[in-house]
Each structure stands twice: as C-alpha cells, then as structure tokens.
Amino acid sequence: DLNIIKILSTFIQHKFSFLIFGIAGLLAWNTILSAMDFFSSCITSYDPSFIFPFFNFALNIVFQFILIFRKQLFTYKNQLIFSLVFSGILLIVLPLSVSALKDKQTINAVLTSIMILFQGLLNAVCQSSFFGLVSFFPTDIIVVMSTGQGIVGILMNVIQYILTFIFQENENYNTQAIIFFSIAFLIIVI
C-alpha cells in the first residue's frame with residue numbers, strides 16, 4: 001500500500017509540475033496581450049494590438065525552425081533557464097520603459113518593439129524546451145501542460161479585470177500595469 005501511495009504521489013507531483021510548466025510557457029505573452037490597453041494608452045504612434053503579435057511571432061517562428069533543425073544547440077535546462085530568466089526581466093522592464101518614455105513616442109515605439117521581438121525569441125526557446133521535455137512523458141502529461149497554457153490565459157485576464165476594477169476610479173494605467181506585470185513576474189518566478 002505504501003508503494004502505491006508513493007507512486008500516486010509522484011505521479012501527481014509530475015502532473016502539477018507540468019501544469020506549472022504550461023503556465024510558465026505562455027505567461028509572458030499572455031501578460032502582454034492582457035495589457036494592450038496600457039500599451040495603446042502609452043504608445044499612440046502605432047497600434048500595438050496589430051504590431052505586437054507580428055513582432056512576437058517573427059522571431060518566434062524563425063527560432064522555432066532553428067531549434068527543430070539544430071536539436072542539440074543547447075540543453076533543455078539551459079534553454080529554460082535562459083528563457084524564463086530573461087522573460088521575467090522583460091516583464092519588469094517593459095512597463096517601466098513604456099511608462100517612462102510615454103512622451104517620447106518614437107523612442108518608446110522602437111524600444112518596445114525590440115523588447116517584443118526579443119520576447120518572441122524567448123517564447124520560442126521556452127515553448128521548444130517545454131515541449132521537448134514533455135515529449136519524453138506519457139500523453140496525459142502533455143495534456144496537463146497544455147491545460148496550464150489555457151489556464152494562464154484565463155488567469156492573466158482575471159488578474160487584469162480585478163486590477164481594472166480596483167483602479168477604475170483614478171484610471172492610472174501606469175500603476176496598474178506595473179502591479180500587473182509584477183504579479184506576472186512573481187508567477188514566472190514560481
């Protein structure tokens with residue numbers, strides 16, 4: 001009986017770990033998508049809801065192909081550490097930069113676009129690593145990780161709605177965005 005409990009406990013821990021992996025895999029991009037109002041209010045020189053997806057997926061697609069053909073370029077561990085650390089850093093720097101450069105539209109647009117391009121690269125590395133890692137496990141683990149990716153989209157929108165409700169009277173997008181991105185940073189640290 002103790003062996004069965006130990007096996008079940010290990011199995012549940014693996015599932016929870018891969019649920020967290022799924023959340024981490026799409027956290028940064030879902031945070032950016034959920035904060036489009038903030039970006040639109042600070043960057044008026046172009047439409048972030050049109051440009052950001054293009055910039056995010058441009059390097060994402062290119063680097064995904066590189067990772068497919070150069071499978072042993074880096075270990076999964078190194079790829080995950082690199083992508084999650086720099087995604088976390090970008091989650092802190094992005095709203096601070098956009099807020100600080102609100103009056104300098106051209107510089108703000110260029111710098112933010114570069115950060116979104118880099119985030120696309122990090123998303124590619126992170127997704128490739130997580131799916132490469134999960135491919136060694138049974139199918140139900142893949143489903144759990146995919147469920148985590150769905151949960152993160154819902155989670156970030158719920159957090160954004162809560163913050164919007166809290167800050168609705170003073171409409172301070174900068175404070176709301178910094179808190180929102182800080183929460184995302186804490187989630188990625190977990």
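Analyst: On a 1 Å grid over the protein atoms alone, a pocket is an open set of points where a 1.4 Å probe fits, with protein on both sides within 12 Å along at least five of seven lines, and its lining residues have an atom within 4 Å of a point. Grid points are joined across faces, edges and corners, and a volume is the space filled by probe spheres set on the points. This is a predicted model, in which local features need pLDDT of at least 70 and side-chain atom pairs count only at pLDDT 80 or more, while totals for chains, interfaces and linings use all residues. Residues are numbered from 1 along each chain as its sequence is written, and side-chain values use heavy atoms, with hydrogens and water left out.

The largest pocket has a volume of about 210 Å³, and of the 14 residues that line this pocket, Asp37, Gln160, Thr164, Tyr173 and Gln176 lie nearest its centre. Two or more lining residues come from each of α1 (2-34), α2 (36-42), α6 (139-166) and α7 (173-189), with α6 giving the largest share, 4 residues. Helices here are DSSP runs of H or I, at least four residues long, numbered from the N terminus. By type, the lining holds 6 nonpolar, 6 polar and 2 charged residues, where Ala, Val, Leu, Ile, Met, Phe, Trp, Tyr, Cys and Pro count as nonpolar, Asp, Glu, Lys and Arg as charged, and the others, Gly among them, as polar.

Elsewhere, Lys77 is found in helix α4 and counts as exposed (over 50% relative accessible area, 1.4 Å probe, protein chains only), because its relative accessibility is 61%.

Conventions: Buried means under 20% relative accessible area, exposed over 50%, partly exposed in between (1.4 Å probe, protein chains only).
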